[in-house]
Structure formats: structure tokens, C-alpha cells
Amino acid sequence: MPQYEDYINWRRTFHQYPELSEYEYETTKRLRRILESYDITILDLPLETGLVAEIGQGDSFVAVRTDIDALPINEQVENEFASTNEGVMHACGHDIHMASILAVATRLKEVESDLNGRVRFIFQPAEELGYGAFYITDTKAIDGAKAVLGYHNYPTLDIGEFAVKSGVITSSVDRFEYKIKGTGAHAAKPEQGNDPVIVLGQLINSVQSIVSRNMSAFDNAVVTIGEVSSGNTWNVIADHAYVQGTVRSFDEDKRNEIEQRLKAIGDGLAKAFNVEIETIYHRLPGAVVNDEKLTNDAITVAKEVGYNVSIMDEPLTIGEDFSGFSQQYPSVFVFIGSNSEYDLHHPKYDPDERILEKVPDYFVTFVQKLLNEV
Ligand SMILES: [Zn+2]
Ligand SMILES: [Zn+2]
């Protein structure tokens with residue numbers, strides 16, 4: 001049976017060969033090889049990348065989920081197992097998640113004949129795109145699940161720390177884009193053009209007024225512009241500009257209101273400056289919502305296996321595509337300490353591997369507890 005050292009080796013190999021969302025072909029093959037070497041069944045599903053494995057017997061089943069994709073980031077951590085795929089990095093710790101869920105699968109495989117039901121292990125692609133969960137749920141392989149369990153490693157929590165809350169635990173994550181079409185001209189003859197760069201400046205200010213001027217002091221939301229571009233030289237008025245950013249919110253009404261305000265700002269500025277503005281709003285994952293009973297169970301189990309458990313006062317503003325499961329099945333998603341100086345999605349993100357000591361205990365115990373319930 002694989003031990004802690006094997007979990008570390010798995011993690012390091014995944015880390016060395018990261019793949020972008022929807023392109024996790026080698027990762028899927030590697031997962032398949034490991035699972036098959038322990039005689040674990042892989043379900044025959046129409047998936048390009050990712051997979052669902054299964055152990056146990058009987059009608060009822062519990063699902064455990066990990067994500068498998070990496071990010072388009074140039075790694076700046078100097079490890080002997082640093083990314084060999086330039087410009088791609090496991091900067092969200094999905095390598096940790098995969099290693100730990102493989103550990104859970106192999107450990108439960110050891111006691112398979114004693115299991116009071118089945119366990120399905122979800123190795124989900126494309127989490128970072130915000131819709132990979134649907135590739136799995138569309139296969140119907142999780143329909144009827146008693147519970148779906150998941151976690152994220154979390155850098156500001158120390159090793160041995162565990163945080164959770166019932167209800168909403170992560171925000172919805174949306175993306176917006178503005179495509180501004182003006183009229184180019186010689187930089188010295190602005191009257192002959194319609195300068196999209198001026199519109200861009202106004203747009204940045206206006207967008208930042210939504211949270212400060214349209215939301216009450218008690219509403220929580222974030223609007224951030226992450227990319228702005230226009231023009232490519234010093235003496236030409238550009239003919240187009242581009243802006244994109246993200247909206248994080250916790251409440252469906254506020255989410256709708258922000259979307260409407262972004263559109264109204266685009267339309268208003270188009271009129272005011274006589275340019276064309278296309279506003280595109282992409283609704284990505286919704287908020288992850290934890291089931292109350294499962295949250296209480298998670299707390300009990302976490303304490304049982306030795307975690308120091310804290311109950312979160314508020315949800316996090318990060319998005320998590322686990323919402324694709326929590327919207328459809330009773331679920332619980334938790335945060336487990338990985339103690340890194342740098343945050344998730346940072347080129348220096350370097351989780352403490354000792355997180356792999358206890359994560360498997362939590363899921364192994366939790367799964368057995370749920371399957372043994374009448
Ligand atoms: Zn991420
Ligand atoms: Zn992640």
C-alpha cells in the first residue's frame with residue numbers, strides 16, 4: 001500500500017508536468033496508470049480529459065473530488081521538481097489535491113470489501129476555467145450521490161488547520177469584457193478620429209463606481225479590471241481598445257445588478273463618445289454552498305483526525321468550480337492549511353507538502369462514516 005513518501009512522489013511528478021485546463025491529457029494518463037496499478041476501476045465515460053474511478057459495492061455512493069489542471073504561469077520556485085512545461089505551473093495546488101485523493105482511493109481500496117457502499121473519485125478537468133465540473137456532471141456519473149466531498153489547500157492556514165462554514169463558502173466569479181471600436185487617426189489630428197483610449201479611461205473610473213456608489217455598506221462585492229489594452233505606437237490614435245475584468249459576489253440579486261450596471265456604463269459611454277462598445281458578461285461558477293448536515297459531519301471528522309478546526313465568519317472572494325457539484329448534490333467543501341508565504345496563483349506559490357499527512361485521513365474517515373449511516 002502506498003505511503004506518505006509515495007504521496008509526495010506523486011505530487012512532485014504532477015508538479016513537474018503541469019497541463020493547462022482542457023489539455024490535461026498526460027495528467028489523465030498518469031492518473032489512469034496509477035489507479036490501474038492498484039486495480040481500481042475507471043468508469044467508461046465520454047470525457048476528453050479527467051476521469052471518474054470507483055471502488056466498493058452496493059447502491060449508495062459517496063463522491064470525492066479533486067481538480068487536475070494547472071495555470072498559465074511561469075514558475076518562480078526553485079525546486080528539483082519545478083515545472084518542466086514552460087509557462088505552465090501548478091500554482092493552485094491541484095497537484096497536492098490529486099496526490100491526496102489518490103492516497104484516499106488506494107487506502108479505501110485496501111478495505112474495499114468492508115465498504116458499505118461505493119465511492120466515486122472525481123478527477124475533474126478545467127477547474128480554472130470555471131466550468132470543468134459540468135464535464136463530469138454531464139456524464140451523469142454523479143447522479144444519486146449521497147454526498148460530494150472536496151477541499152482546497154489554503155496558504156494562509158497553517159499545517160493542521162482546517163476551515164469551513166455552512167452555506168455560501170466561496171463567491172460567484174464572473175468575467176466581463178468591453179470591446180471599444182473608435183476611429184483611428186493621426187495623433188496630431190484628433191478631430192478626425194474617435195479616440196478609444198479616452199473612452200477607456202472613463203470606463204475604468206465608471207466601472208469602479210459600481211461597488212462604491214451602487215452597493216450599500218452592507219453588500220459585499222468586488223469588481224476588478226485585470227486587463228486593458230489599446231494602440232501600439234506613440235503617434236497614432238488607435239481605432240480600438242479592450243478591457244476585461246472580474247466580478248465576485250455572494251448574492252444573486254447583487255450579481256444581476258452589477259451585470260446591468262456594467263452594460264449601462266458601456267452603452268452610456270458609447271453614446272457620449274460616439275464609439276461602439278460591446279459589453280460581454282460571462283457568468284462563470286456560482287457560489288459554492290455547503291450542506292448544513294454535511295458541514296457538521298465534516299467538522300466532527302476533522303476534529304476526530306486531529307485538525308484544528310475553525311468556523312469561517314464569511315465566505316471567501318475566490319471562485320471555485322466545485323459549485324458545479326454543490327448546486328446539484330449535497331456537498332461540503334473545506335479549506336485545509338498548506339502554509340505558503342505566497343498566495344494561490346502566485347508564481348512563487350509553494351505549499352508545504354506536510355498537508356499530505358492528514359488530508360487522506362479526513363476523507364477516508366468521512367467516506368466510511370457516510371457509507372455507514374443508515
Ligand atoms: Zn486556482
Ligand atoms: Zn484551485
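## Interface between the domains

Between domain 1 and domain 2 there is 1 residue pair in polar contact, both residues at pLDDT 80 or more; a polar contact is a pair of N or O atoms within 3.5 Å, where within protein one must be able to donate a hydrogen and the other to accept it, and residues adjacent in sequence count only if both atoms are side-chain atoms. On the side of domain 1 that touches domain 2, the residues comprise 6 nonpolar, 3 polar and no charged (Ala, Val, Leu, Ile, Met, Phe, Trp, Tyr, Cys and Pro count as nonpolar, Asp, Glu, Lys and Arg as charged, and the others, Gly among them, as polar). The interface holds 0 salt bridges (side-chain nitrogen of Lys or Arg within 4 Å of a carboxyl oxygen of Asp or Glu).

This is a predicted model, in which local features need pLDDT of at least 70, side-chain atom pairs count only at pLDDT 80 or more, and totals for chains, interfaces and linings use all residues. Side-chain values use heavy atoms, without hydrogens and water, residues are numbered from 1 along each chain as its sequence is written, and chains are lettered from A and ligands numbered from 1 in the order in which they are written.

## Domain arrangement

Domain 1 covers 4-170 + 287-372 and domain 2 covers 172-284, with bounds from an automatic or database domain assignment. Their centres, taken over C-alpha atoms, are 36 Å apart. Contact (heavy atoms within 4.5 Å) involves 9 residues of domain 1 and 6 residues of domain 2.

About 570 Å² is buried between the two domains, 68% of it from carbon and sulfur atoms; buried area is the accessible area (1.4 Å probe) that two parts lose on being put together, summed over both. Ala287, Thr317 and Gly319 supply 55% of the area that domain 1 buries against domain 2, more than any other three residues.

## Zinc site

The zinc ion (ligand 2) has Cys92 (SG), His94 (NE2) and His152 (NE2) as protein donors, at 2.1 to 2.3 Å. Donors are N, O and S atoms within 2.8 Å of the metal (3.2 Å for Na, K and Ca); water is not among the atoms, so sites may look incomplete. Cysteine 92 also bridges to the zinc ion (ligand 1), the two ions lying 3.2 Å apart.

## Salt bridges

The count comes to 21 salt bridges. One of them joins the side chains of arginine 11 and aspartate 95 (2.9 Å, N to O).
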